[in-house]
There are 2 protein chains.
Amino acid sequence: MNEQPIGFIDSGVGGFTVVKEAMKQLPNENFIYLGDTARCPYGPRPKEQVIQFTWEMTNFLLKKGIKMLVIACNTATSVALNEIKEKLQIPVVGVIMPGTRAAVKATKNNQIGVIGTEGTVKSASYEHAIKEKVTSSQVVSLACPKFVPIVESNQFHSSVAKKIVFETLLPLKSKNLDTLILGCTHYPLLRSVIQDVMGKDVTLIDSGAETISEVSMLLDYFDIANNENGAKENAQFYTTGSTYLFDQIAQDWLGKNASSKQIHLGGTNDAT
Amino acid sequence: MNEQPIGFIDSGVGGFTVVKEAMKQLPNENFIYLGDTARCPYGPRPKEQVIQFTWEMTNFLLKKGIKMLVIACNTATSVALNEIKEKLQIPVVGVIMPGTRAAVKATKNNQIGVIGTEGTVKSASYEHAIKEKVTSSQVVSLACPKFVPIVESNQFHSSVAKKIVFETLLPLKSKNLDTLILGCTHYPLLRSVIQDVMGKDVTLIDSGAETISEVSMLLDYFDIANNENGAKENAQFYTTGSTYLFDQIAQDWLGKNASSKQIHLGGTNDAT
């Protein structure tokens, strides 16, 4: 029995889609979430800066005594996972391998699309991982830099969102894809629009569910799961940005009052 | 890329049900299987002896250069997993936690049945693991000592098998179970008979599929997966007993010619 929380980090609110699955699959666990909303999006930032920001988030959560870290952000996973996993004493899970496994399992024609931030697409992490598993796969990647700002500004139900998603994904329509990886944890909030645009025959892969299955297994593998008696149904939320918008999106997406606290990261403002 | 094989050990042919799933889910991997048919069943044996036999099998496969060990036997998992996992440098996976996770996920009324060998039932491993996750679960365990011999003698399609399964499982019929764990890797070969006896409303949990999902994740987690270019579609089979019966069951269950080799374990006959 281990009551320590599992930590989740993301550039903003995208990781909610992973936490939502965690709350469903792991009702005995306690969670702590940090979204770096003030510095979101990470997608267009240089690799070195994303690594630095990811370390700052990681260090904040380590001080909170997490027993496992989930990098619930594709951009951060693609550039910082290996380094962080190597240096930390606790298990560290990213979202790219779970998404890859799910996509390889789902595809029938081995024509897989990946949409993500500029950083994720530039890293080619999904492409490498998919081709490691199935050499003959065709992978088409597309950066969608406008999607994260739509979600972070709580506009993902709007007609503007529909227009932007439609225009952005248009180049993928002719690619004969049967599977599309939502390679950014923000994108499942746009899922219904994305599905409309791509058509019902394209399987959308939301790595959240698969990532939490990995978390569940690793909790058992490393013998650090909590049991029911130790569960407090406890989730703490931190953001570096506006708690108002953050809490609104949490309410909409997680169906709960996040009551988030604002913190500062970086430089001398590194809060604890 | 890591072309080393994944090792599977079982008291006999039960682990075929796990290997079958591995061949399906992990087409890029090479496998090596050892069934200790000559000393099967393990179920009625003292704990210390099962641990010793499991070490003998493990040491045989370690000499063959495996990169991961799957203890595809519930009896061996229940008494030897922790010790072997602790001492080996490679990842070690058992079948009890995967089966537990699948059962807890499947049940709606938290009335879970477990059938297994005497050794597995006596260890109460499933009961402990299930109650760690859901304290209020009711777990009914039943030892079925006659099932393994039916399978090992290749009689699992016979009318005798049906009669024995029916008579053995009768006490479970009144327990209001909605989920039944096939807590022995031999039992999925009797699956259709077990399902007939229990009724279609009872979900049968075959830990094989779930175990291989765990193997797949751990291959990625520890970065030891093979890629398609390194795949040889290679599976080697070893048995301590009759290769004739062993190969017959492999042909029937795995649909392939196992061309098994006989080896000796224990004492001065410890083969390599």
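Helices (H or I, at least four residues) and strands (E, at least two) are DSSP runs, numbered from the N terminus. B:Ser259 lies between helix H11 (243–254) and strand E10 (261–262) of chain B. Phi of B:Ser259 is near 45°, a positive value in a residue other than glycine.

Some ground rules. This is a predicted model, where local features need pLDDT of at least 70, side-chain atom pairs count only at pLDDT 80 or more, and totals for chains, interfaces and linings use all residues. Residues are numbered from 1 along each chain as its sequence is written, chains are lettered from A and ligands numbered from 1 in the order in which they are written, and side-chain values use heavy atoms, with hydrogens and water left out.

At 48%, B:Ser259 counts as partly exposed.

B:Asn110 also has a positive phi, about 55°, although it is not a glycine. Find B:Asn110 in the loop between helix H4 (96–106) and strand E5 (111–116) of chain B. Its relative accessibility is 22%, so B:Asn110 counts as partly exposed.

Now the cis bonds. The peptide bond from A:Cys40 to A:Pro41 is cis, with omega near 0°. A:Pro41 sits in the loop between E2 and helix H2 (47–63) of chain A. In chain B, a cis peptide bond joins B:Cys40 and B:Pro41, with omega about 0°. B:Pro41 is in the loop between strand E2 (31–35) and helix H2 (47–63) of chain B.

Next, the rings. Rings of Phe, Tyr and Trp (its six-membered ring) pair if their centres lie within 6.5 Å; planes under 30 degrees apart count as stacked, over 60 as edge-to-face and the rest as tilted. The whole structure has 24 aromatic pairs over all chains. Take A:Phe16 and A:Tyr33: the ring centres are 5.0 Å apart and the planes are at 45°, so this pair is tilted. A:Phe16 lies in helix H1 (residues 16–25) and A:Tyr33 in strand E2 (residues 31–35) of chain A, so the pair ties together parts that are 17 residues apart in sequence. Both A:Phe16 and A:Tyr33 are buried.

A:Tyr33 has another partner, A:Phe246. Their centres are 6.1 Å apart and their planes at 55°, so that pair is tilted. A:Phe246 lies in helix H11 (residues 243–254) of chain A, so here the parts tied together are 213 residues apart in sequence. A:Phe246 is buried. Ring pairs link A:Phe16, A:Tyr33, A:Phe237 and A:Phe246 into a cluster.

On to charges. Side chains of opposite charge can pair when their charged atoms come close. A salt bridge is a side-chain nitrogen of Lys or Arg within 4 Å of a carboxyl oxygen of Asp or Glu. How many are there over all chains? The count comes to 17.

One of them joins A:Lys163 and A:Glu167, with the closest N and O atoms 3.0 Å apart. They are four residues apart in helix H8 (residues 159–169) of chain A, which means about one helical turn separates them. A:Glu167 is partly exposed, at 46%.

Last stop: where the chains meet. The contact (heavy atoms within 4.5 Å) takes 25 residues from chain A and 25 residues from chain B. The buried area is about 2,200 Å², of which carbon and sulfur atoms give 45%. Buried area is the accessible area (1.4 Å probe) that two parts lose on being put together, summed over both. Which three residues supply more of chain A's share than any other three? They are A:Met217, A:Asp220 and A:Tyr221, with 32% of the area that chain A buries against chain B.

Four salt bridges cross this interface. A:Asp220 forms a salt bridge with B:Arg101, the closest N and O atoms being 2.4 Å apart. B:Asp220 forms a salt bridge with A:Lys133, at 3.0 Å between the closest N and O atoms. B:Asp220 lies in helix H10 (residues 207–221) of chain B and A:Lys133 in helix H6 of chain A, so the pair joins two chains. B:Asp220 is buried, at 13%. A:Lys133 counts as buried too, at 17%.

Terms used. Buried means under 20% relative accessible area, exposed over 50%, partly exposed in between (1.4 Å probe, protein chains only).
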